[in-house]
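Biologist: I would like to learn how to read salt bridges in a protein model. Could you walk me through it?

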2 protein chains.
Amino acid sequence: MADITIFGKGNMGQAIGGLMTQGGNQVTYLGHADPVTALGSIVVLAVPYPAALAIAKANVAQLAGKVVVDITNPLDFDTWDGLVVPADSSATAQLAELLPESQVIKAFNTTFAGTLVAKQVGGTAPTKVMTAGDSAEAKQALTTALAGSDVTVIDAGALKRARELEAYGFLQMTLAANDKISWNGGFAVLK
Amino acid sequence: MADITIFGKGNMGQAIGGLMTQGGNQVTYLGHADPVTALGSIVVLAVPYPAALAIAKANVAQLAGKVVVDITNPLDFDTWDGLVVPADSSATAQLAELLPESQVIKAFNTTFAGTLVAKQVGGTAPTKVMTAGDSAEAKQALTTALAGSDVTVIDAGALKRARELEAYGFLQMTLAANDKISWNGGFAVLK
């Protein structure tokens, strides 16, 4: 059982919080205007990428020693035709640079809120959460926190793989926005 | 019904050829040492990326006016830790630059040979082929050629999206190589 702090009370924050609660963890939500006081051992930044950057910059000391989970898909939402991070980097890598004392990992950017809540992709395949990061401990902490939630975690590798996870998430969002898939469907990971 | 030429007689070439044959097309294979004579209206480069580059460079005139299908995942196979194409580009974009008179599209890099043959991902989800390219006609020609094969095509957008398709394919290969998924499973696209 872990103390989890979730920045953001939107669809994604609530879906992740629901799974964490089901996993037996203590979940606290922080909204936009809430003061940042004591944070849990796992901090989920369930906000858009620019807001995640701002939270990281403003809370370097508070986030030190924490597992910080970046869920963002850093789309250019004006064009829906690219990401706003450098082509050879990722949102997670950018956040990790800002937070050298934190264990920053990617997770939850490859699953829509609807598939986290339903625990199924397209009504048939079990929802799985892919994670990437350089701290095996941090990825294990996330895996442990989700044990008991019926959603399993797949370790997709080192922090460098966050770039591919973001491409995957971006692609999935463009397909949904173009009605090629639904927001309750998308990409499933099957053994 | 189209005339299809497939460069490469490996697992992927054979799997794609099988679908094309089932779709009622005439399929011809070209091996490494075969002379390049008359090519079909759709040419599939079912070879590794360096070989695809070499074929493109050697056959610019022969490939003019053709739909050229790039199936490659341009991994750095020494490290399995990155792609050999520039971070802001893709294998397909590089090939399209070499072949300005051809209609170059990406396809089949997001499906393993095993899931093309079985027509299922992980034994449960229907196999779907994602494609990307700037020619709607070329993508439609591929879709038409596969009609009747039980494998459907999803148009993932413009040539720029080949970059994300390659990230997706790369990620999928690393997961299979690390036994997180099997070579008959992987990523499925569900509505």
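Modeller: Gladly! Keep in mind that this model is predicted. The general idea is to look for a side-chain nitrogen of Lys or Arg within 4 Å of a carboxyl oxygen of Asp or Glu. Here, Asp70(A) and Lys106(A) form such a salt bridge, with their closest N and O atoms 2.8 Å apart. This pair links distant parts of the chain, 36 residues apart: Asp70(A) sits in strand β4 and Lys106(A) in strand β5 of chain A.

Biologist: Is Asp70(A) buried or exposed?

Modeller: Buried means under 20% relative accessible area. Asp70(A) has 0% relative accessibility, so it counts as buried. Lys106(A) is buried as well, also with a relative accessible area of 0%.

Biologist: Let's turn to chain B. Which residue forms a salt bridge with Lys106(B) at 2.8 Å?

Modeller: That is Asp70(B), with 2.8 Å between the closest N and O atoms. Lys106(B) lies in strand β5 and Asp70(B) in strand β4 of chain B, so the pair ties together parts 36 residues apart in sequence.

Modeller: Lys106(B) also forms a salt bridge with Glu166(B), where the closest N and O atoms are 2.7 Å apart. Glu166(B) belongs to helix α7 of chain B, so this pair joins parts that are 60 residues apart in sequence. Glu166(B) has 1% relative accessibility and therefore counts as buried.

Biologist: Which residues are linked in a network of salt bridges?

Modeller: Asp81(A), Lys160(B), Arg161(B) and Glu164(B) are linked that way.

Biologist: And how many salt bridges are there over all chains?

Modeller: The count comes to 16.

How values were computed. Residues are numbered from 1 along each chain as its sequence is written. Chains are lettered from A and ligands numbered from 1 in the order in which they are written. This is a predicted model: local features need pLDDT of at least 70, side-chain atom pairs count only at pLDDT 80 or more; totals for chains, interfaces and linings use all residues. Side-chain values use heavy atoms; hydrogens and water are left out. Helices (H or I, at least four residues) and strands (E, at least two) are DSSP runs, numbered from the N terminus. Buried means under 20% relative accessible area, exposed over 50%, partly exposed in between (1.4 Å probe, protein chains only).
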